[in-house]
Amino acid sequence: MTAVGWLQIAIFAVIVGLLTHPLGGYLARVYAGERTFLSRLLTPVEAALYRIADVKPELEQSWYRYATAFLVFHLLGTAALYALLRVQSVLPFNPEQMPAVAPDLALNTAVSFVTNTSWQSYSGETTLSYASQMAGIAVQSFLSVASGIAVVIALIRGFARRRSATIGNFWVDLTRGTLYVLLPLCIVAALFLVTSGVPQTLAPPAEVTTLEGTTQVIARGPVATQEVIKLMSGDGGGFFNANSAHPFENPTPLTNLAEVVLIMVLGAALTNCFGRMIGSERQGWILLAVMAILFGLGVSGIYPLEAAGNPVLAALQVDQTPNSQQPGGNMEGKEVRFGIAGSALFANASTASSDGAVNSMHDSFLPLSGGILLANMMVDEVIVGAPGSGLFGMLLFCIVTVFLGGLMIGRTPEYVGKKIGAVEIKMAILALIWVPAATLGLTAVASVAPAGLAGLGNGGPHGYSEMLYAYTSATATNGSAFAGLNANTPFYNLTLAVAMFIGRFFVIVSVLAVAGALATQPIIPRSAGTLPTDGALFVGFLLGVIVIVGGLTYLPALALGPIVEHLQLSGGVLY
């Protein structure tokens, strides 16, 4: 570890913290339908889109109609992206003459990007045409995150409204998120990346002559625009197979810092948006504090572990200390442009935010570091998560926490003025149980199925960790991987698609049911018996519930993988 490394992490935290309040206020105004500095330019565009789609923005929807619109929209998006991938060979913007994508891989990819997961069982630069990247992957990255934010806004309205039968209009929320939030931010960030050296071109791959006199083909394309939305959306799918470790996606330490900020900033700002919409910004800061503590624990574990180096090499008396000749630590699978601190920060942000973008090989991290990356995804995206899904995951845990608090003090549980009754707690538990059920169930199947075992690149506990990571990443809509697993097979393409489908759609329908139930209630004034949810006590209580629930659910699975592998690697010493 170095002081410069910790300084990088601190600068990142300060930037995200400074952006949270103004961006949260902007989000609250956008989804409340208030005027913003972009209204003069975008309001006519918004109105025109409503006319074309025959949407009446003043007509709101019940939770059931909101959920129906959400599901229909995404099922159509899945079909459209699948069809595009299957016929890409005959479409324009295909300078390399990419063939049609195989049926099982096309289905996996379509489900992946529509569910905001970005799991990639393929290499982007050798599988997808420019048309598929732009009209397929980038478009679904925009729409999947806009719909995810729409869902959490609907849930926030459930907390904020009094005796309401509606929670908003899905089509309006989707349109406003895309027009007023995602497009403006992406335009600015894409211009920054272009000026930093990220390509944005429709020209075919370049052929160059190397210093040795041989010819090398260098892939390129419309990278910058896709790079930005992949980071901000929580989608994480790279234009290149190396993702953000590729110099055309992430060329410098400055762009590395900017990309980590882009991954986290929208999810963090939504906590402030929540506080503003319910009339108490303090409640939003409490949620952000819990997220920040969990994030800090993760990066404070990964960075020292990776900086300490590989214990096997230490036993061989290999010098792994940083000095003027070497960066030190476990540099396997990491880019020298970013070093261990930049890689540890990016990996923790990627798995904590459910983004899935990578600037290093997670498969090459030390076992306990890999276990932390797994744990980040196993807590139902509550550590910021993808924009929308992270906050609604945290709010579900808030409902469970106040329910447990109510049992302790013998009162009906309440959260921000809403009573938590049987319907709310049942739907919250149902939403939280889908992810571990699919993750552990499908991992168990893959662990014994011949088709599952055939994809392993390693045996023993690390091979098991590869499978566990794949299904955890898919169900948590993350998309990163322990890439030693050969996932481009019919078995993994189909089972991972099932995991992504459950982790996105089953969870969101349950969340919208909670929103509908809360919206019909009155807002109850606080009393002497109300559990305070805006102070340090609730922070500790909520943290305890998240850690205990996650530990009880996943510790046996982690013990079979990363923990056993660490004991093997360190000679049986658990430090």
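I started with L316, which counts as exposed at 62% relative accessibility. I'm keeping in mind that this is a predicted model. I looked up where L316 sits: the loop between α11 (311–315) and α12 (339–352). L316 belongs to a nonpolar surface patch with V312, L313 and V318, and together they have about 330 Å² of accessible area.

Next I went to S354. I found it in the loop between α12 and α13 (367–378). Is S354 buried or exposed? With a relative accessible area of 2%, S354 is buried, because the cut-off for buried is under 20%.

What does the side chain of S354 reach? I got the backbone oxygen of T477, at 2.7 Å. I also noted the backbone oxygen of A476, 3.0 Å from a polar atom of the S354 side chain. Leaving out residues up to four places away in sequence, I listed what S354 touches: G234, E381, G385, A386, A476, T477 and N478.

My last stop was Q283, in helix α10 (residues 281–308). Q283 has a relative accessible area of 6%, so I put it down as buried. I skipped residues up to four places away in sequence again and wrote down its contacts: F274, I278, Y415, V416, T533 and D534. Which side chain joins that of Q283 in a polar contact of 3.0 Å? It's the side chain of T533.

I also looked up Q283 against I502. They're 219 residues apart in sequence, and I get 30 Å between their C-alpha atoms.

Notes
Residues are numbered from 1 along each chain as its sequence is written. This is a predicted model: local features need pLDDT of at least 70, side-chain atom pairs count only at pLDDT 80 or more; totals for chains, interfaces and linings use all residues. Side-chain values use heavy atoms; hydrogens and water are left out. Patches are made of residues with over 30% relative accessible area and no salt bridge: like charges are joined within 9 Å, nonpolar side chains (Val, Leu, Ile, Met, Phe, Trp, Tyr) within 5 Å. Accessible areas come from the Shrake-Rupley method with a 1.4 Å probe; for residues, only the protein chains shown count as cover. A salt bridge is a side-chain nitrogen of Lys or Arg within 4 Å of a carboxyl oxygen of Asp or Glu. Helices (H or I, at least four residues) and strands (E, at least two) are DSSP runs, numbered from the N terminus. Buried means under 20% relative accessible area, exposed over 50%, partly exposed in between (1.4 Å probe, protein chains only). A polar contact is a pair of N or O atoms within 3.5 Å; within protein, one must be able to donate a hydrogen and the other to accept it, and residues adjacent in sequence count only if both atoms are side-chain atoms. Contact means heavy atoms within 4.5 Å.
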